[in-house]
There are 2 protein chains.
Amino acid sequence: MAITELLPLRDLQACCAPITREVISEENAVSVARAMKALADPARLRLLSMVAAHADGEACVCDLTEPLGLSQPTVSHHLKVLSEAGFLSRTKRGTWAYYRIVPGSLDVISGFLATV
Amino acid sequence: MAITELLPLRDLQACCAPITREVISEENAVSVARAMKALADPARLRLLSMVAAHADGEACVCDLTEPLGLSQPTVSHHLKVLSEAGFLSRTKRGTWAYYRIVPGSLDVISGFLATV
């Protein structure tokens with residue numbers, strides 16, 4: 001049975017205005033919440049922003065640490081959270097690791113915002 | 001001194017591609033993270049979605065509790081978090097409280113997504 005079928009829509013219409021648009025399913029709400037939780041940190045938002053701001057959409061880890069004013073292990077931890085959540089991809093070339101934003105990875109959040 | 005002036009942009013250009021777009025300021029990153037934290041819960045996302053789905057953008061608290069399958073105190077807690085974070089406005093009429101999404105309150109998040 002689909003998640004949306006579990007929602008008793010009749011009750012939503014019981015006392016005031018009727019429902020005229022689709023309500024997010026429980027399953028989707030869990031996905032959006034998980035994505036937002038992974039992003040909801042100022043350092044992680046700034047890291048994503050820094051990666052996106054680089055000319056070719058790729059940033060070397062060596063360029064990300066110092067501007068944040070955080071220790072290298074802390075930056076590595078945040079990069080790991082962003083990678084594990086699917087927002088960043090990581091490529092190693094020579095000494096350095098390079099990060100890119102995974103295309104479409106923010107769509108789960110922008111899609112939710114578009115519906116409300 | 002503006003927050004953005006604290007960012008040593010020279011360092012960002014030290015080893016790989018140059019910075020070609022604006023990086024989110026520390027101050028904005030804190031605002032976006034705070035907004036995402038307030039939303040990053042499946043029940044709160046579903047509440048916002050339910051309010052938005054009502055025909056006139058207004059939902060009675062009596063319509064929101066049962067479909068979520070959560071206790072009334074739990075739903076009240078989530079509505080309070082969303083109201084305090086500025087996403088929902090609350091009006092009392094007679095016995096019931098009615099909730100609306102505050103126009104533009106999600107712009108802080110969609111604005112960030114647009115830049116990355």
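1. Across the interface of chain B and chain A there are 2 residue pairs in polar contact, both at pLDDT 80 or more. The model is predicted, and the points below should be read with that in mind.

2. On chain B, the elements that give two or more residues to the side touching chain A are α1 (9-12), α2 (26-39), α3, β1 (58-60), α4 (61-68), β3 (96-101) and α6 (107-115). By class, this side of chain B has 36 nonpolar, 6 polar and 11 charged residues.

3. The size of an interface is often given as the accessible area lost when the parts come together. Here chain B and chain A bury about 4,300 Å² between them, and 73% of that area is on carbon and sulfur atoms. Chain B gives 53 residues to the contact, and chain A gives 53 residues.

4. The count of salt bridges between the two chains is 2. B:Arg46 forms a salt bridge with A:Glu26, with the closest N and O atoms 3.8 Å apart.

5. The crossing of α2(A) and α3(B) is right-handed.

6. Which residues meet where α2(A) contacts α3(B)? From α2(A) come A:Glu26, A:Ala29, A:Val30, A:Val32, A:Ala33 and A:Met36; from α3(B) come B:Pro42, B:Leu45 and B:Arg46. The residues of this contact divide into 7 nonpolar, no polar and 2 charged. A:Glu26 and B:Arg46, both in this contact, are the partners of the salt bridge described in point 4.

Terms used
Residues are numbered from 1 along each chain as its sequence is written. Chains are lettered from A and ligands numbered from 1 in the order in which they are written. This is a predicted model: local features need pLDDT of at least 70, side-chain atom pairs count only at pLDDT 80 or more; totals for chains, interfaces and linings use all residues. Side-chain values use heavy atoms; hydrogens and water are left out. A crossing is left-handed if the near helix is turned anticlockwise from the far one by less than a right angle, and right-handed if clockwise. Helices (H or I, at least four residues) and strands (E, at least two) are DSSP runs, numbered from the N terminus. Contact means heavy atoms within 4.5 Å. Ala, Val, Leu, Ile, Met, Phe, Trp, Tyr, Cys and Pro count as nonpolar, Asp, Glu, Lys and Arg as charged, and the others, Gly among them, as polar. Buried area is the accessible area (1.4 Å probe) that two parts lose on being put together, summed over both. A salt bridge is a side-chain nitrogen of Lys or Arg within 4 Å of a carboxyl oxygen of Asp or Glu. A polar contact is a pair of N or O atoms within 3.5 Å; within protein, one must be able to donate a hydrogen and the other to accept it, and residues adjacent in sequence count only if both atoms are side-chain atoms.
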